[in-house]
Amino acid sequence: MSDFLLEILVQELPYKFIPDAQKQLKDAFEKLFGEYGIEYSKLDVQATPRRLALSVFGLADKQKDIIKEAKGPILSIALDENKKFTPAALGFAKKNGADEKDLYEKDNYIWAKVEIKGKSTKEILSENIENIIFKMQGPHFMRWGNHEQKFSRPIENILALYNEEVLPVKVLDKTSTNTTLGHRFSKNRQVKVTSAKTYADDLKKANVIVNVKERKKLIVDSAEKCAAQINTVINFDNLDDLLEEVTYITEYPVPVLCDFDKKYLEIPDIVTTTVMSKHQRYFPLWQKDGKLSNHFITMANFVGTDKESMDNIKAGNQRVVSARLEDGIFFYKEDTKTPLADKVEALKGMTFQKGLGTLFDKTQRIIELSKQICAQLKIKDNDIVRSALLSKADLSTQLVFEFTELQGFIGENYALKSGEKENVALAIKEHYFPLNANSETPSQIEGQIVSVADKIDTICALFISTQGKLKKKRPTGSNDPLGARRAAIGILRTVINNSLNLNLKALFDSSLNALSKEFNIELDSQTADEVYDFVLNRLNIMYEKEYSQELMKACAVKNPLENLDEYLSRLKFVKEESQKESFKKLAEAAKRVLRITKDTDFTCINETFFVLEEEKELYRAVNAQNVDSADLRAYVKSLENLGEPIDKFFDKVLVMDEDEKIKNNRIALLNTLKEKFSKVCNFQYL
């Protein structure tokens, strides 16, 4: 067993690409070894901003030899009249590297046992490494120099070791070596690597921590230790994205404690922390009492401890953050000179979407949809209408114009400062929730209603403005104009998580009609169905791990958007029931009925046309079944009680009688039964 190491040294990679690059590299080599049947005990991929490194341990040195059966020509062609092999049989043997003595008869054909010698692992790796590298994909891949192949950044070196020997590999104009480069500021700039086992330690001597988990832990531990020196803490729970980014932009992270003027603490904390964490990659520090500190930590990708260099790093970062916060405090003071409600008028000058008016127009539609939702829920709409009116007002502020990710958060702060009710202010912030597929939904009814209204309007605006030839501008692949997918998931999660009894189909219909009238757009007859399908596709994806696609189709006895709670309850019920023998028997009967009644519409039953006792008995049993389908469990139980008369009917009654009246009467009876089955689910999908 051997070890293998591959390092691709590049210029600094975009940090968002690095985790995906690790996965692509890992998947590609796992697939390679799988296809060639090469065994190994461990495969690992590590990365820094400048390198992607694959290590494989316990690697077999060659493929196993394979003996397989090869099928040749049929005996009538392979043997002549004297039972001797024909040229066709001998040609088959030669093609497969077999001798005449290796041929044998089986199943009326000539066969040969062919031995395939396994290739060496070295040879396989040498042949495939360059191809694997240039099959990698990512955003903004480009050609570099005079080369045709594309990669994220220029490749500077290829390190390839098979045990302790250099594996001959050529990638573009780079020939593999056993050396690499350490940290840019390391004294040990040139690094000779002994083997895959020593790789991480060899690089540590050159101030590179190649292991991603180790580097992340070092960032957390060193930052916490640094924060503790001034009696502050870091809340890493809310800094996952920042921690990952800093991990992937450093090779040797060193914490630097910095500070800024306390006057900047006058502005909302969300502004200060956003400037630090989102814009400058700094870790905000908090005092033990929960108040924001005027200190922060930046992680320098730095080697060395000389005071002058560290002071320069500190001073530079403090200048940058002070300039950004100076903008923030200026905008904040200017914005708060007038109440938030006065800023609604300014939305008339801000375009929502080409051809669909301004943000002021959108606000009015959100108000109207919010009223409709209140009517469905039978609740008063005073605070909800106020929340809807002010929901987009902060988009006209200078602070949100500068820091767009603060939309909603600034609205809440300005609303409270303007004397608005707390529930209205909270709704302004939370109507943007959930911020991603897994984050929290609005906590109170005001935010929930305005959130649903806003997102319905956004989705309908996208679909109505991209009808006909413009359909190509709708969400496809990674393209998500107006965040429509996120909006659909937000609607569904808000309604489901908060048990809102809403007819979303009616709300989508109302929104589409309102948009078409307001902007004089003729509504395409297919657009509404396309909106339903788009949202329901998100619903299916949300529940695909819990329910099969067939089950979700089966339970969509009507548009699920009319009542999500009822649909999800039906899904859960049918999934549980489908494990029971009684329900399986009911499903078989239902499918039989569906097959016979396919493409028929006879529903008028005439008792005088019944001939056999079995069809009369089924008719009486069906009529006696009068349980309300609202109680699904009781309703299914009543249908299961029809099992015996249904069995007798199919055993004794020929539905397709020669007499048209008798046949159609029997089909009508089964159509009545089909209608009862359809209130449970669409059994044909089970």
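Hi everyone, let me start at strand 1, where Ser 2, Phe 4, Leu 6, Ile 8 and Val 10 point one way, while Asp 3, Leu 5, Glu 7 and Leu 9 point the other way, and all are buried. Buried here means under 20% relative accessible area, exposed means over 50%, and partly exposed is in between, with a 1.4 Å probe and protein chains only. Helices (H or I, at least four residues) and strands (E, at least two) are DSSP runs, numbered from the N terminus.

Before going on, a word on the model: it is predicted, local features need pLDDT of at least 70, side-chain atom pairs count only at pLDDT 80 or more, and totals for chains, interfaces and linings use all residues. Residues are numbered from 1 along each chain as its sequence is written, and side-chain values use heavy atoms, with hydrogens and water left out.

Back to strand 1, residues 2-10: 9 of its 9 residues are buried. Which strands pair with strand 1? Two strands pair if DSSP finds at least two bridges between them. Strand 3, residues 51-59, runs antiparallel to strand 1, with 7 bridges joining them, and Ile 8 stands opposite Leu 52 there. Strand 9, residues 155-162, also pairs with strand 1 in the antiparallel sense, over 7 bridges. Leu 5 has Leu 161 of strand 9 as its bridge partner.

Strand 17 (residues 282-287) and strand 18 (residues 292-301) run antiparallel and are joined by 4 bridges; Pro 284 has Phe 296 in strand 18 as its bridge partner. Contact means heavy atoms within 4.5 Å.

Helix 7 is worth a look too. Leu 242, Leu 243, Glu 245, Val 246, Thr 247 and Tyr 248 are buried in this helix. What covers the buried residues of helix 7? The cover includes helix 1 (17-36), helix 6 (212-228), helix 8, strand 17 and strand 18.

On to the nonpolar cores. A nonpolar core is a set of buried Ala, Val, Leu, Ile, Met, Phe, Trp, Tyr and Cys residues joined through side-chain atoms within 4.5 Å. The largest has 121 residues, and those with the most contacts inside it are Ile 456, Ile 459, Leu 504, Phe 508, Leu 561, Phe 677 and Phe 683. Helix 15, residues 445-465, gives the largest share of this core, 11 residues. Leaving aside residues up to four places away in sequence, Ile 459 touches Ala 484, Ala 487, Ala 488, Ile 491, Phe 508, Val 531, Phe 534 and Val 535. There is also a second, separate core of 39 residues, including Leu 13, Leu 43, Leu 125 and Phe 151.

Next, the largest pocket. On a 1 Å grid over the protein atoms alone, a pocket is an open set of points where a 1.4 Å probe fits, with protein on both sides within 12 Å along at least five of seven lines; lining residues have an atom within 4 Å of a point. The largest pocket holds about 1600 Å³ of space. Grid points are joined across faces, edges and corners, and the volume is the space filled by probe spheres set on the points. Its lining has 42 residues, with Lys 278, Glu 405, Phe 409, Phe 433 and Leu 435 nearest the centre. Helix 8 supplies the largest share of that lining, 6 residues.

Phe 433 brings me to a backbone detail: the peptide bond from Phe 433 to Pro 434 is cis, with omega near -10 degrees. Pro 434 sits in the loop between helix 14 and helix 15. Thr 441 is found in the loop between helix 14 (422-430) and helix 15, and its contacts include Phe 433 and Pro 434. Is Thr 441 buried or exposed? Thr 441 is buried, at a relative accessible area of 11%.
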